[in-house]
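Work through the exercises below with the structure open. Try each task before reading its solution.

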Amino acid sequence: MSTLVSNLELGFSVAFTFHNLGLCFLGCLVGTLIGVLPGIGPIATITMLLPVTFGLPPVGALIMLAGIYYGAQYGGSTTAILVNIPGEVTSVVTTIDGHQMAKQGRAGAALGIAALGSFFAGCVATLMIAGLAVPLTRVALLFGPSEYAALMTAGLAFAVVLARGSILKSIAMVLLGLLLSTVGQDLETGVDRMTFGVASLSDGIDFAVLAMGLFGFAEVMRNLTVDQARDVVHAKIGRLLPSKAELRQSAGPVVRGTLLGAILGILPGNGAVLGPFASYALEKKIARDPRRFGRGAIEGVAGPESANNAGAQTSFIPLLTLGIPPNAVMALMVGAMTIHGIVPGPLVMTRNPGLFWGVIASMWLGNLMLLVINLPLIGAWVRLLKVPYRLMYPAIVIVCCVGIYSVNNLPEDVLLTAVVALFGYAATKVGFESAPLLLGFVLGRLLEENLRRAMAISRGDLAIFIHRPVSAWLLFTGLVVLVVAVLPSIRTRREQVFVEE
Amino acid sequence: MRQTLFVLAVVLAVPLEGRAAYPERPITLIVPFAAGGPTDVVARIVGESMSRTLGQQLVVENVVGAGGTMASTKAAQAAPDGYTLIMGHMGTHGAAPAVYPDLKYDPAKSFQPIGMAAGTPILIVAKKSFPAKDLKEFVAYVKKNSEKLNEAHAGVGSVSFTTCAFFNSLIGAKPTRVVYRGTGPALNDLVSGQVDYMCDQIVNLVPQIQAGTIKAYGVALPQRSPALPDVPTTKEGGLPEFQVSAWNAIFAPKGTPPEVVKKLSDALTKALADENTRKRLLDLGADLSDKAAQTPEGLAKLVDSEVARWKKVLASASKDAPPPAK
């Protein structure tokens, strides 16, 4: 315990210099901005800013880049709540209840609880990293391809729970998302699948394209066909922060979301994306009145937001303790460290304690700064909602187009987004929802790769999923979630049948 | 700043022949892989040094996709005015024709070689618990039990894919080749023991070997690498035929004017002679010994020999490949 305190002291002494504090603030600010802007994400930004960091000492460079990363998580939630556009993969779940809250005039409460929940999660995650980094890494190493495949399958079960309406339609969208995730080059053989000869699709459909199409453009189209009601709803501004009652309601989800997100974030291979979905599924299942979810339940924002921030922080653990990046952003951090002459690996903790603990301390400071940046902005964001929609939606469309184009500099991407938008609009008209499709899409690639890898290692033996304890448990959990989700709808249909007779 | 002004002054003092002197604006150096990887790091280190000599910034642009071939196609189609270069490597300009049947460029014909920057030696590494003391035992074990073993690689066309294909065909091994999306996940599963062995660039592996999370059996160099002095060479370990290096070299599109090529080549030579640059590269474990390939003509020869070599190796490897697991 005393070593923990002395290590944290070292860390804070490194992080609390004027120079590093300034870099932290800059990183967080830039991160928030790019999180708010759809399309461009932390990967592109960090890549662009890498050369800028060359003149900086390694600790300062890492602090700034890390700030960009979790700043983007905070920013992504803002657009998710305000205009139903997820800035990041992890903000998709926030759109479900967060935007409903905004439509009811409770945008301030939603933004507030997102910021507060994320801050709590950030603090807890920082403590976890400080105290439990090494044991947690050992847990992460238990996860092999079969465990991942089982985890992703369980994750797909969460998709069913996400549904507001028909379970069958939700499953259909998940399957469609899975199909869409197979577009692109097959990893094992190098052959292009379903790209129809379009070279830019060789790396798969971009998440931003689907998110902008289904959530951005389609939402604009939806709103333009119902515009009478809209101005009335936006007349109310509501409170700027969550009420005491809402805070009490959110306390449990925040804690549970933090734990879920923190654990899933450690898993290499982007386990962090599952955090928000798992948290939403959990909160919906244990809520006293699950029908509130999808209609503006604050737990549906508090839990997932805490989960995604906790996941973003704990995803640094494999990088700091093993030197192995768990996702693309961390891989960039590896590059940044390498360029500065520090090769990340298991010995960084002992060889460069100042760097290690300095980065951890700056994470907590970064979270504090983000809270300070975001809370006052809530007033400004909420007032933005009062702008008449006929002025807002061209701005949204233009920003989205620019955002998509900025990802790959390809006009085909923007066209593809338009096509997706048409589909998304038609689908919602018939009662299908977009969130399950995105979940299926995100999980599809991870599921397929790990399933095939597990099969390769086991030489085609499916029993490997049951033989390995962790994967067996995960599959069981997924099955339970699926059954529990589907059961009520079977029961009601039976009741309906009885009533009709 | 002063250097830039000096260079500008010199350039302006020279009588112009109706064509402005090169370079007069920043030069794009395309890197076919994600930022932070070995090729990217080499490109940034060398590029920084060359920027100082040329008086204009060498800006790295990462174009990721299809094993680096997307970036190479883009660079091949760029205007041959010396303002777009590419840091190609053993994969994009050596093994690519063998790996990708409908490649949209020719490593020799679509590019004007400038010079090799640095090579990253290849290591043979295995999980911590692998039952072999040295390379000889390792080769014997793999030969005998290869069907039960799992070899990790970072994707079709990657360095780990092509070099281990070579290794496997040399010793006649037929392991199950497990594919990962990049070296990070592959290394992760090697550390946790899910897979048995891997062939990869030294840059990614040094910290793991030093910490003891994986075992290194041999480095494919004629002499030991200064970054890992305890790892024997493949020659010492009884497998001298396994000599391969993931070389990284600068190319310009075909048709780039000879004066531009000369300027770039001189800047590269100067960068590789600079003490600071050399130290940073050597600290990473990079190999700067192949002086012949640092000239445009030497590089052209290397590309030709590499394309031929990998065509042969990968053709024989695919014949020996085990049928996919049913």
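## Exercise 1: The domains of chain B

Solution. 
- Step 1. This is a predicted model.
- Step 2. Turn to the contact. Domain 1 of chain B puts in 14 residues, and domain 2 of chain B puts in 16 residues.
- Step 3. Look for elements on the domain 1 side. α4 (91-99) and α10 (275-284) of chain B supply at least two residues each. α4(B) gives the most, with 4 residues.
- Step 4. Sort that side of domain 1 of chain B by class: 9 nonpolar, 4 polar and 1 charged.

## Exercise 2: A helix pair in chain A

Task: Determine how helix α6 (residues 107-141) and helix α17 (residues 353-384) of chain A are oriented, and which residues make the contact.

Solution. 
- Step 1. The axes of α6 and α17 of chain A come within 9 Å. They cross at roughly 180 degrees.
- Step 2. Angles over 145 degrees count as roughly antiparallel. Therefore α6(A) is roughly antiparallel to α17(A).
- Step 3. On α6(A), the contact residues include Gly108(A), Leu111(A), Gly112(A), Ala115(A) and Phe119(A). On α17(A), they include Trp364(A), Asn367(A), Leu371(A), Asn374(A) and Trp381(A).
- Step 4. By class, the contact of α6(A) with α17(A) has 15 nonpolar, 6 polar and no charged residues.

## Exercise 3: Where chain B meets chain A

Task: State how many residues of each chain are in contact, and which element of chain B gives the most.

Solution. 
- Step 1. Count both sides: 37 residues of chain B contact 39 residues of chain A.
- Step 2. On the chain B side, α2 (38-54), β6 (176-179), α7 (183-191), α8 (202-211) and α10 give two or more residues each.
- Step 3. α7(B) gives the most, with 6 residues.
- Step 4. Classify the chain B side: 15 nonpolar, 15 polar and 7 charged residues.

## Exercise 4: Confidence

Task: Report the scores, and locate stretches of chain B where pLDDT is under 50.

Solution. 
- Step 1. The model scores ipTM 0.79 and pTM 0.81.
- Step 2. Chain B averages a pLDDT of 85, and 91% of its residues score at least 70.
- Step 3. Residues 15-19 of chain B stay under 50, with 0 contacts beyond four places in sequence.
- Step 4. Residues 320-326 of chain B are also below 50. This stretch has 10 contacts in the model beyond near neighbours in sequence.

Key: Residues numbered from 1 in each chain as written. Chains lettered and ligands numbered in written order. Predicted model: local features only at pLDDT ≥ 70, side-chain atom pairs only at ≥ 80, totals over all residues. Contact = placed C-beta atoms within 7 Å. Nonpolar A, V, L, I, M, F, W, Y, C, P; charged D, E, K, R; others polar. Axes fitted to C-alpha atoms, helices over the stretch in contact; angles between N-to-C directions. Parallel < 35°, antiparallel > 145°, perpendicular 65-115°, else oblique. pLDDT = per-residue confidence, 0-100.
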